[in-house]
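Welcome, and please open the model in your viewer. We will walk through it stop by stop, with something to select at each one.

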Amino acid sequence: MTTSVSSDIYGSLGLSATANAKTKKNDSLDQADFLKLMTTQLQHQDPTKPMDNSQMVSQMAQLSTVQGITDLNTTVKTFQSAMSSDQILKGASLVGHEVMVPSTKFSLEGEGGTSGTVAAPSAGTVTVEITDANGQKVTTLSVPADAAGEVNFQWDGTDASGNRMPAGSYTIAATHSDSSGASTKLNTYVQAEVESVTVGSDGLYLNLKGLGTAPLDYVLRVS
């Protein structure tokens with residue numbers, strides 16, 4: 001003889017899962033319930049034993065605080081919505097423009113070259129090494145740094161022998177050498193075209209041609 005056992009624990013108790021979930025949801029008091037309790041208490045107090053003034057003032061202060069928090073939440077949500085719309089407009093205005101962002105990679109097109117910049121710590125020489133997708137060195141650029149600050153570099157898209165390199169993704173690494181010969185690795189910034197923008201939960205992102213996605217606050221310069 002086979003006995004069938006119901007796997008529905010709510011059904012075995014004569015309840016439904018929906019009803020039980022609803023009961024759990026109603027176990028907690030929300031803001032409207034709190035306000036209703038306070039006003040009901042004031043309406044049904046004993047006239048012969050009125051509420052103590054200090055208690056009355058305390059509860060009125062609580063009521064005012066709750067209302068103030070509600071108004072503040074509404075204001076903050078409105079402000080967030082306005083900020084989000086403003087970010088979208090700012091991002092849309094960048095589409096089609098070139099921006100400079102921190103990156104160790106850049107994309108070479110079928111024609112022309114590419115450019116970037118580094119921040120030299122002092123006067124000296126900045127050396128930029130360019131490698132292809134297979135890790136093979138393509139060419140090395142040497143740019144003088146007259147003083148501490150930005151040093152721009154440009155690559156015409158050719159290798160050390162002057163041959164045009166195919167379009168694709170390339171990697172760059174920059175170092176700075178001062179007059180004493182001390183060498184320092186530098187962060188590199190490259191230019192890329194903004195193709196579109198994406199609104200994320202934590203801000204606006206730019207979709208850059210050949211580089212992928214970068215947050216809006218990564219942009220160093222717009223051209």
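**First stop: the main core**

Select V126, V128, I130, W155 and Y170: of the 20 residues in the largest nonpolar core, these touch the most other members. A nonpolar core here is a set of buried Ala, Val, Leu, Ile, Met, Phe, Trp, Tyr and Cys residues joined through side-chain atoms within 4.5 Å. Buried means under 20% relative accessible area, exposed means over 50%, and partly exposed lies in between, using a 1.4 Å probe and protein chains only.

Now colour the strands that supply at least two residues each to this core: strand 2, strand 3, strand 4, strand 5 (137-145), strand 6 (149-155) and strand 7 (168-177). Strand 5 gives the most to this core, with 4 residues. Helices (H or I, at least four residues) and strands (E, at least two) are DSSP runs, numbered from the N terminus.

Apart from this core lies another one, of 8 residues; L94, V99, A192 and L206 are among them.

**A word on the model**

What you see is a predicted model, in which local features need pLDDT of at least 70 and side-chain atom pairs count only at pLDDT 80 or more, while totals for chains, interfaces and linings use all residues. Residues are numbered from 1 along each chain as its sequence is written, and side-chain values use heavy atoms, with hydrogens and water left out.

Zoom out for a moment to take in the whole protein. It has 4 helices and 12 strands, and buried residues make up 23% of its 223 residues. Of the contacts (heavy atoms within 4.5 Å) with a separation of 6 or more, 61% are between residues 24 or more positions apart.

**Second stop: the aromatic rings**

The structure holds 3 aromatic pairs. Rings of Phe, Tyr and Trp (its six-membered ring) pair if their centres lie within 6.5 Å; planes under 30 degrees apart count as stacked, over 60 as edge-to-face and the rest as tilted.

Is F106 buried or exposed? F106 is buried, since its relative accessible area is 2%. W155 is buried too, with a relative accessible area of 3%.

Together, F106, W155 and Y170 form one aromatic cluster.

Stay on Y170 and show its neighbours. Leaving out residues up to four places away in sequence, Y170 touches T104, K105, F106, L108, I130, T131, D132, V138, W155 and M165.

T131 is buried, with a relative accessible area of 14%. Beyond four places in sequence, T131 touches Q136, K137, V138, Y170 and T171.

Next, select T139 in strand 5. T139 counts as buried because its relative accessible area is 10%. Which residues does T139 touch, not counting those up to four places away in sequence? They are V128, E129, I130, W155, T158, D159 and A160.

**Fourth stop: the empty spaces**

Rolling a probe the size of a water molecule over the atoms shows where empty space is left. On a 1 Å grid over the protein atoms alone, a cavity is a set of points where a 1.4 Å probe fits but cannot get out, and a pocket is an open set with protein on both sides within 12 Å along at least five of seven lines; lining residues have an atom within 4 Å of a point. Grid points are joined across faces, edges and corners, and a volume is the space filled by probe spheres set on the points.

The largest cavity has a volume of about 30 Å³. Select its lining: F106, T114, S115, G116, I130, F153 and W155. Strand 3 gives the largest share of this lining, 3 residues.

Finish at the largest pocket, with about 220 Å³ of space. Of its 14 lining residues, E98, S107, E109, T114 and Q191 are the closest to its centre.
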